[in-house]
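I opened the notebook to go through one structure step by step. The entries below follow the order in which I looked things up.

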Number of protein chains: 2
Amino acid sequence: MEHFNFRLIAKDHAGRAGEFVTPHGVIKTPIFAPVGTQATVKALTPDQLDALGATLILANTYHLYLRPGADLIAEMGGLHNFMNWSGPILTDSGGYQVFSLSKRREIDAGGVTFQSHIDGSTHRFTPESAIAIQEKLGADIILTFDECSEPYDRAYNEEALERTHQWAERCLSAKTRKDQALFGILQGGIFPDLRARSAKFMASLDFPGIAIGGLSVGETKEEMLAMLEVVDPLLPEDKPRYLMGVGSPEDIVEGVTRGVDMFDCVLPTRMARNHAVLTRTGRMNLRNANFSHDLRPIEDDCDCYTCQTFTRAYLRHLIVAQEMLAATLLSIHNLRMLIKLIHDLRETILNGNLESFSEEFRQNFQKHRPKGT
Amino acid sequence: MEHFNFRLIAKDHAGRAGEFVTPHGVIKTPIFAPVGTQATVKALTPDQLDALGATLILANTYHLYLRPGADLIAEMGGLHNFMNWSGPILTDSGGYQVFSLSKRREIDAGGVTFQSHIDGSTHRFTPESAIAIQEKLGADIILTFDECSEPYDRAYNEEALERTHQWAERCLSAKTRKDQALFGILQGGIFPDLRARSAKFMASLDFPGIAIGGLSVGETKEEMLAMLEVVDPLLPEDKPRYLMGVGSPEDIVEGVTRGVDMFDCVLPTRMARNHAVLTRTGRMNLRNANFSHDLRPIEDDCDCYTCQTFTRAYLRHLIVAQEMLAATLLSIHNLRMLIKLIHDLRETILNGNLESFSEEFRQNFQKHRPKGT
């Protein structure tokens, strides 16, 4: 199959099941991508990631540009070789991190000058340099350099959207590698008309996929979902839609039922390092003393290594004893939980049961909160 | 085969190759046991331990007694079930930790009263309670409660040795489980006559194995090896000898050539968390900038997952970026390196080549120090 071809296999209401072909394998959508910010999904080996069913993983351009540097990764044969991940990889453009992490930043029409959050050194990203860096990193899917603005400020959003659109065109022109798919990122805060304008603009350009940026950044859940409903009918059916930085179980269900094909989020691995686990009915913090004698796995019907091997009592012991293994085992469960959930959503779309599945999920979620949450 | 039978298969000079039968499998000696202090070998899953060739692992009675408690582990089906290790497990008696870790301690003929290093609470270990706790934990090999004394104080060592011998007899009497092997621990500081007296005493009691305690606690390397040479001819040929808490590559070679069958040490995993790796020719700290562009594995001919999968450059990146995965990957290498070394020592004993192998090892070790060490 041709690279970066998206095949829409089935549709159920707004939900979509598809396949996106990359040089490192086929991505079956909808998909959840674990985040490997610094060329490692925290606390997990590539073998463990593979075993829990990960296909696509994300790495952050901002972090890798600062450390260890894009030239070094290129010299090492690119990200796939460097971190030993043979499946598809996606890199963001650094846009979001420049605005959320760097110490100071100055935006102009040409790009952004910012200070590293690591050592305060000064750097500059432009649409052209963001593409050049991502070409050195060598991911299968790369992203346009965008401006992620404060969601409620109308005037700022209008101004930022213009830059984001101009930068998207400059990214397209700057791109040289044929073995990478460049996705355009639409923005627009919580303003339906700006979101619609941005969706139409990105749909008009020659991107093999479109990312929805600037959500889950401070707006309400209702506002986020409303924005997805605005862009869904405006985006081309034959291109994947990637909702950036979103990935709680409930957001995945709501996103998939609103036409989203791809998700990524640090939530499952960050929660794991804070001793919290995701289940289909809610969340638990395993540090709670209620679990000290609990012989059950985290989730009875979970097929992950952690649930197949360890009791809640043992996991709680590791947490209380401050053992690193806790983060590994909880990350395995949380990632598997999301990957299995999105796999099941795909199956229900193929079977035409998306509406009843998602309704049942909403009813169960948080209703049967396990003890200790 | 009968449990706790030791079969001496071959001898080469003082080096011994044997098999020790436990309820959870046969231990091929000489063997190195990774340390799982708190019922986890730090940063590794049981699957990873199994893959790197671990057979016997050690857990610490002192730590597990304090947290999560021996009763809880018994309720969970014992250590094997709790931590999901199906191979043999050894627990120490807590004697060493009471002296090295606890905040305050008072020794009397009956036992030791001490304060927890975790919360300062007061506890008491006696020979009888140390056995009762270890019976609850349920390891295959358990140890007598001993007093690990300062190595150079003659008067104190004489006094402590008397207690250690009395306590060993009390441990033997207190033992009730038939599916655990109780090893006696000999002591004696750096005094050849005390070591000899203790070796003869422990050899005279009905222990299926004998541990050599109180070494690598502040004495010189020469003094430690001299003590091994004192006890070697005095210990029964048909029982395994376990050198407690010792396990650098060079100490393993010197120990095996002096008749030691079993080793354990936190060194490989602790070094890994400090970014240092063991090789057959020395040590390297992978944080060193020399490794930033180094495409080689840690050791060219190592068969561990880390060496088969990752470059030094990637490992250094993980270390500099403070990623947890570094500790996991370096622990895998360091443990595999020791387990493979001791496996090779066993082979050379079976082939009658121990002397030339150990001489070559000594010549290579530290002579070809890799850059950056």
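**Entry 1: the axis.** I note here that the model is predicted.

**Entry 2: the interface.** I looked up how many residues are in contact between the chains, and found 31 residues of chain A against 31 residues of chain B. On the side of chain A that touches chain B, the elements that give two or more residues are α3 (70-75), α4 (79-83), α13 (312-320) and α14 (325-351) of chain A. I wrote down α13(A) as the source of the largest share, with five residues. By type, the residues on this side of chain A are 17 nonpolar, ten polar and four charged.

**Entry 3: two helices of chain A.** I turned to α10 (residues 249-256) of chain A and its neighbour α14(A), whose axes come within 10 Å of each other. The axes cross at roughly 20°. Angles under 35 degrees count as roughly parallel, so α10(A) and α14(A) are roughly parallel to each other. The crossing is right-handed. From α10(A), the contact takes A:Pro249, A:Ile252, A:Val253 and A:Val256. From α14(A), it takes A:Leu338, A:Leu341, A:Ile342 and A:Leu345. I sorted the residues of this contact by type and got eight nonpolar, no polar and no charged.

**Entry 4: a helix of chain B.** Is α6 (residues 127-137) of chain B mostly covered or mostly uncovered? It is mostly covered, since eight of its eleven residues are buried. I listed the buried residues of α6(B) as B:Pro127, B:Ala130, B:Ile131, B:Ile133, B:Gln134, B:Glu135, B:Lys136 and B:Leu137. Just after α6(B) comes B:Gly138, with a positive phi of about 85°.

**Entry 5: backbone angles.** As background, I noted that most residues other than glycine have a negative phi, and that most peptide bonds are trans. I then looked for departures from this.

B:Ala43 is not a glycine, but its phi is positive, near 75°. B:Ala43 sits in the loop between β4 (31-34) and α1 (46-51) of chain B. I counted it as buried because B:Ala43 has 24 C-beta neighbours inside 10 Å, and the cut-off for buried is 20 or more.

B:Gln322 also has a positive phi without being glycine, at a value near 55°. Its place is the loop between α13 (312-320) and α14 (325-351) of chain B. B:Gln322 has 8 C-beta neighbours inside 10 Å, so I counted it as exposed. The cut-off for exposed is 12 or fewer.

**Entry 6: cis bonds.** In chain A, the peptide bond from A:Arg67 to A:Pro68 is cis, with omega near 10°. I found A:Pro68 in the loop between α2 (61-66) and α3 of chain A. In chain B, the bond from B:Arg67 to B:Pro68 is cis, with omega near 10°. B:Pro68 lies in the loop between α2 (61-66) and α3 (70-75) of chain B.

Conventions: Residues numbered from 1 in each chain as written. Chains lettered and ligands numbered in written order. Predicted model: local features only at pLDDT ≥ 70, side-chain atom pairs only at ≥ 80, totals over all residues. Helix = DSSP H or I, 4+ residues; strand = E, 2+ residues; numbered from the N terminus. Contact = placed C-beta atoms within 7 Å. Nonpolar A, V, L, I, M, F, W, Y, C, P; charged D, E, K, R; others polar. Axes fitted to C-alpha atoms, helices over the stretch in contact; angles between N-to-C directions. Parallel < 35°, antiparallel > 145°, perpendicular 65-115°, else oblique. Left-handed = near helix turned anticlockwise from the far one by under 90°.
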